[in-house]
Amino acid sequence: MCMLHSKGLSVSKQKEFRLPKHIKPINYKITLTPGIKVSTRSGGNEEVVYKFTGVEEVKVKVLQSSDRIVLHSANLDIHSASFVTKKGKRLEGVVTLDPKNEFAIITFNGIVPTGKGSLHLSFTGIHNTKLKGFYLSQWQDDDKNDHQIFTTQFESTDARQAFPCFDEPAMKATYDVRLIVDEHLTALSNGRDIKTESLGNGKKIVTYARTPIMSTYLVAFCVGEFESSEPVFANGKEIRIWSIPGKNDLKEFALECGAFGVKWYEDFFNRPYFGGDKIDMIAIPDFASGAMENTGLITYRDTALLLNKKTASYAEKARVCEVILHELAHQWNGNEVTMDDWDGLGLNESFATIMAYLSMNDMFPEWHVYNEFGIDRAGAFALDSLKSTHAVEIPVSHPDDIQQFFDTITYEKGGSLLFQYIQYAGFDTFRTGMRIYFQRHALANATVSQLWDALEEGARVDGKDIPVRMLMDFWWKTAGHPVVSVTEGGFPGTITVSQKKFQFLPAGDKDVWPLPLHIRFSAGGKVTEQKVLVNDGETTIRLSDSPLDYVVLNAGGSGFYRVDYSDALRGKLLADVQNNMQIIERFNLVNDSWASVRARSENSMTTTEYLDLVKSFSTEADANVWAVISGALKTVYGLTAGDHRQAFKAAIRATVRPVFDKLGWTPKEGESVHTLQLRGQLIGLLGTVGSDKDIRKEAAVQFDKWKADRSSVDPNVVPALISTLSYTGDRARFDEFLALSESAPTTQEKLRFLGALGNFREEGLYKEAIELTLSGKIRTQDAPFILAGIIGTEHAGEAAWDFMRDNWTKIVATYPDNAVPRMVSACSALDTAELQAEVVDFFAKNKVKEGDMAVAQMIERLSVNVGLRETETPKLTSYLEASAKALTSAKA
């Protein structure tokens, strides 16, 4: 069990689930027969399961003689086990299973000698429906006929559910795979299919090229009725997009991103893709994660791979592009050079996160994705502001712990820390260090410290003295982050900076971070930038001999620290905020300020002070900055009631409507993607909590146009139309949305309508939406997120919470294991003292698999939200009353 304390999550260092180290796998020869239908009848009902059979030969090197071999196996029946020595002697084995540690312990009738030999096994398994291991996915054609797909998801520790194996990252080997499948099916694996033979019984056997040396979690098989795009080639690598039939018109954009990514990474790392001459990418109808980087056969949730290039919104395109480039980054950082153990997960995910943005910035410079990355970083800040956060690198004590660390800290905080270093050291210096890292560790495993050493060497090669290991080790291994306070110094041209740990619920921690400060300032009208590494809790920095016009402390916005400006310095920035601060800096200012409100500490900003701050952004035209402001306004809206709510709605309209009116409903030629995005954001804000009658009326008109011709309305506006109409909709609109979800041409559109059903305000409608999440009509990969969305609403949250509690056993049995903790996280929105008590009591009695950390974080966020409501609502009430009086006096 995970123990929590103020320094972040602490777990036991016991590693009893680790395999003995005296056996090293060299090569697996695996033959599998998937999709064996087994029917049983009980009480007149037919129950169907699908099984698979397998045989394997594992060549190993024995480093210490013994009468037993231990490897991983889970949910497999092992029928036979034997070992053949290098001299040809066969030893028969007896298998004992250890379910707790997922071990198969094979005891032989003799001593297994040192040296090379081969382990021979036969086994049977079941294609489960929990979307991990070798699992079953299903889809229906237009005639409602069911079709099966047998596919894999092995990361982190589920290869052992498909074949007995040494299922740890450092136990790399090569793989020779053969699949026996029905003649009409397509069968894919990591390597290119090199031979297909008919077996004469309606079956064929497909043999694949040997893989490079790699970890077990990267092995993959996909069997089903698939349709391929035409291939594209990138530096001689063949790239194809696969899916169920009928989706080839949705693959053009993915092919473009894939080809660009392969070329970009080969250039960046100065080394070719290591996995062979083909990269298949396939959309799976049922998929628990966003995507999986299996070498040569990358699997995706279809919303992360397929889209209609003409009708997709910017957000949908950015998502697909980012995911594809993320998975391609793994082919180098993760697949070729792999973390030594799961506590080094950041070597995989943090790096793929930031590498995707680096490459996407080159592919679409007009997108300005580093500003977009601010939203990801803000999510990491929010989670890292909890006492129940964790460091990027943390010991792993059990396989269930591993899955918990696939979170915002590992991805976005780790990626942000790397971006902080890149911006401080320079892109070219970072690339030099990464090339050194790959030269040293190609096709092997590595630790985080070995990466820091390579980056430090890269800095020296480029003539820079940067203590990378000292700098990165502290940030990487320390939970939390600092808030840096900045005031004017005692002399002209100086500032005083101090730091302390930022937490929503402070615990008195005294950590002092090495701060790579990037400062931009104006003195006497001259703008200058300066970088300085600060290792003290408080220091004074001389920037100029002249008085300062303004100072931006986190210039460029890449530092993973919050900034608290003194009133005087903040006032100087706000005096001309659009010119004094770049977009990402303005984003950080409003985000850090809102975090200060939520922290409610002695010197924190209040809700009303934040609302006054927002007035300085009346000319703001960036969608990312408005994303923070909109989120804050919606939260504040939830703190109001009655006449005060009506007053706040008017305040929202007064703030937002002038910005929207400058944009209008119709895009203008040459608008940036972010302007297109902003238009949709503002419509959504005004049409829902803003209660803008004109917007709501026109939203209905625009939606009718869109139904008649999907190209007649900008795709970035459509989500706002749907959210507005569901917010105000009746039974007829609900039924219309449900029907549109069933006929949607893309999964993105389908989920947009399904997700909107919980927004309807009529009790009967939102309860029907809640019931749908366990009806079997929504895929189990999507249902928990739709239910979570409803839990997070003001009007239906309590009803959804009751539904979740009442159906907990069925939910846990039905939904993917890794989705349940994410669903549970939404309970932090149940922000009354009464509901808080219910939530705490329920999860004290009901353990969430792979969710100890998520539950602890949710309960802490819930405490923060309840505290915000209790302390800020009276202040907000007084503020709105005073504003109303002032308005009345002005009219008089």
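Reader: In what sense do β3 and β12 pair, parallel or antiparallel?
Author: β3 and β12 pair in the parallel sense, over 6 bridges. Strands here are DSSP runs of E with at least two residues, helices are runs of H or I with at least four residues, and both are numbered from the N terminus. Two strands pair if DSSP finds at least two bridges between them. Before we go on: this is a predicted model, where local features need pLDDT of at least 70 and side-chain atom pairs count only at pLDDT 80 or more, while totals for chains, interfaces and linings use all residues. Residues are numbered from 1 along each chain as its sequence is written, and side-chain values use heavy atoms, with hydrogens and water left out.

Reader: Which residue is the bridge partner of K29 in β12?
Author: D176 is the partner of K29.

Reader: And how many bridges join β3 to β4?
Author: 17 bridges join β3 (residues 23–42) to β4, and the two run antiparallel. S39 stands opposite V48 in β4. β3 and β4 form a hairpin with 2 residues between them, and G43 in the turn has a positive phi of about 60 degrees.

Reader: What about β9, which strands does it pair with?
Author: β4 (residues 45–62) is one of them, antiparallel to β9 with 12 bridges. There, V62 stands opposite G115. β6 (residues 76–85) also pairs with β9 in the antiparallel sense, over 9 bridges. In that pairing S82 faces H120 of β9.

Reader: How many residues of β9 are buried?
Author: 9 of the 12 residues in β9 (residues 115–126) are buried, so the strand is mostly covered. Buried means under 20% relative accessible area, exposed means over 50%, and partly exposed is in between, with a 1.4 Å probe and protein chains only.

Reader: New topic. Where is L131, and what is its phi?
Author: L131 is in the loop between β9 and β10 (133–140). Its phi is near 65 degrees, a positive value in a residue other than glycine. Most residues other than glycine have a negative phi, and most peptide bonds are trans.

Reader: Is L131 buried or exposed, and what about K144?
Author: L131 counts as buried because its relative accessible area is 2%. K144 counts as exposed because its relative accessibility is 61%. K144 lies in the loop between β10 and β11, and its phi is near 70 degrees, again positive in a residue other than glycine.

Reader: Which peptide bond is cis?
Author: The bond from E155 to S156 is cis, with omega near 10 degrees. S156 sits in the loop between β11 (146–153) and β12 (174–182).

Reader: How many disulfides does the count come to?
Author: The count comes to 0 disulfides, a disulfide being a pair of cysteine sulfur atoms within 2.5 Å. For C257, the nearest cysteine sulfur is that of C321, 3.7 Å away, and C257 is in no disulfide. C257 is buried, with a relative accessible area of 0%.

Reader: Now helices. At what angle do α3 and α6 pack?
Author: α3 (residues 345–363) and α6 (residues 408–425) pack at about 65 degrees, with their axes 8 Å apart. Axes are lines fitted to C-alpha atoms, for helices over the stretch in contact, and angles run from 0 to 180 degrees between N-to-C directions.

Reader: Which residues make the contact?
Author: Among them are F351 and I354 of α3, and Y411 and L418 of α6. Contact means heavy atoms within 4.5 Å.
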